[in-house]
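Please keep the sequence and the model in view while reading.

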Amino acid sequence: MSNKCVDVSVWNGKIDFKKLKADGYNYIIVKCGGSDDGYYTDSTFNYNYLNAKKNGFKIGAYYFAGSNFTSKAEGKKCGQHCLKIIGNYEFDLPVYIDVEVTKPNTYKGTTDAILSFCDVLEKKKFKTGVYSSRSMFDSLFSYQSVKNKSIWVAEWGVSKRSSFPDKCDVWQYSSTGHAGGIIGLVDLNKCYITVKDKVDVTKKPNKTRVNNVLTSYNIKYKTIAEDVLKGKYGN
């Protein structure tokens with residue numbers, strides 16, 4: 001399966017997911033909301049999630065952190081707001097906190113906010129991760145403190161994902177890409193997370209196939225038994 005991935009939000013308009021799937025994309029990360037302009041829900045989140053699901057995409061989500069994302073309390077507040085948006089949804093990929101507009105002088109506070117945000121979601125069994133550009137990892141927050149989370153890195157204009165952070169799970173390699181079903185520019189990614197299809201345990205065994213096997217088995221050994229009784233194999 002192709003590891004082609006896009007991340008989308010209200011800025012990408014109404015997406016034709018059939019065309020996007022036909023263009024070879026299998027993964028998508030949808031914006032659920034943020035705190036950079038009050039505490040809001042992305043108006044296309046529900047549409048994007050449901051139609052991505054309908055067309056067989058593996059789905060993740062991201063939440064955009066505002067410039068005040070600089071304390072444990074703010075991280076918890078954003079986490080709780082994020083939960084209100086995504087609480088009834090299931091994801092194949094992690095839910096990422098998008099950190100890119102805080103300042104280096106709030107390094108510790110931003111790190112605390114990330115950990116607090118993730119803790120809120122993880123208590124509700126969501127997988128979590130951190131998104132930022134390569135240059136901002138370890139300049140806006142402590143990479144060592146968050147590297148046990150899923151890492152999604154934006155690094156454009158390079159031919160392969162860099163070795164820092166350590167083999168990221170998702171690499172955003174362009175912000176000016178094009179993809180089928182999306183009008184205008186879109187962020188392009190490669191996803192290195194392996195997601196297995198869920199097995200439907202409610203499905204009943206194929207009785208026809210089982211019966212065919214049993215019938216073949218019975219005919220075979222019935223014939224052998226009859227041959228033995230006829231003395232075909234001696235005493």
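## Overall make-up

Of the 235 residues in the protein, 46% are buried, where buried means under 20% relative accessible area, exposed means over 50%, and partly exposed lies in between (1.4 Å probe, protein chains only). The model is a predicted one, in which local features need pLDDT of at least 70 and side-chain atom pairs count only at pLDDT 80 or more, while totals for chains, interfaces and linings use all residues. Residues are numbered from 1 along each chain as its sequence is written, and side-chain values use heavy atoms, with hydrogens and water left out.

The secondary structure comes to 6 helices and 9 strands, these being DSSP runs numbered from the N terminus (helices H or I, at least four residues; strands E, at least two). Among contacts with a separation of 6 or more, 65% join residues 24 or more positions apart, a contact being heavy atoms within 4.5 Å.

Helix H3 covers residues 72-86 and, with 15 residues, reaches 21 Å from its first C-alpha to its last, close to the 21 Å expected at 1.5 Å a residue; the expected span is 1.5 Å times one less than the number of residues. Its buried residues include Cys-78, Cys-82 and Ile-86, and the buried residues of H3 pack against strands S2 (27-34), S3 (40-41), S4 (58-64) and S5 (95-98) as well as helices H2 (45-54) and H4 (107-122). Helix H4 has 16 residues and reaches 23 Å, close to the 22 Å expected, and its buried residues, among them Ala-113, Phe-117 and Leu-121, pack against S4, H3, S5, strand S6 (128-133) and helix H5 (143-146).

H3 and H4 pack at an angle of about 35° with their axes 7 Å apart, where axes are lines fitted to C-alpha atoms, for helices over the stretch in contact, and angles run from 0 to 180 degrees between N-to-C directions. The contact includes Gly-75, Cys-78, Gly-79, Cys-82, Leu-83 and Ile-86 of H3 and Ala-113, Phe-117, Val-120 and Leu-121 of H4.

## Nonpolar cores

The largest nonpolar core has 49 residues, and those with the most contacts inside it are Leu-20, Ile-28, Ile-86 and Phe-91; such a core is a set of buried Ala, Val, Leu, Ile, Met, Phe, Trp, Tyr and Cys residues joined through side-chain atoms within 4.5 Å. The largest share of this core, 6 residues, comes from H4. Apart from it lies another core, of 13 residues, among them Cys-5, Tyr-96, Tyr-131 and Val-170.

Not counting residues up to four places away in sequence, Phe-91 touches Phe-45, Tyr-49, Ile-59, Gly-60, Ala-61, Ile-86 and Phe-126.

## Two contrasting residues

Phe-17 is found in helix H1 (residues 17-22) and counts as buried because its relative accessibility is 3%. Beyond residues up to four places away in sequence, Phe-17 touches Ile-28, Tyr-47, Asn-48, Asn-51, Ala-52, Asn-55 and Phe-57; Phe-17 and Phe-57 are 40 residues apart in sequence and 9.1 Å apart in space, C-alpha to C-alpha.

Asn-105, by contrast, has its place in the loop between S5 and H4 and is exposed, with a relative accessible area of 70%. The C-alpha atoms of Asn-105 and Thr-70, which are 35 residues apart along the chain, are separated by 9.8 Å.
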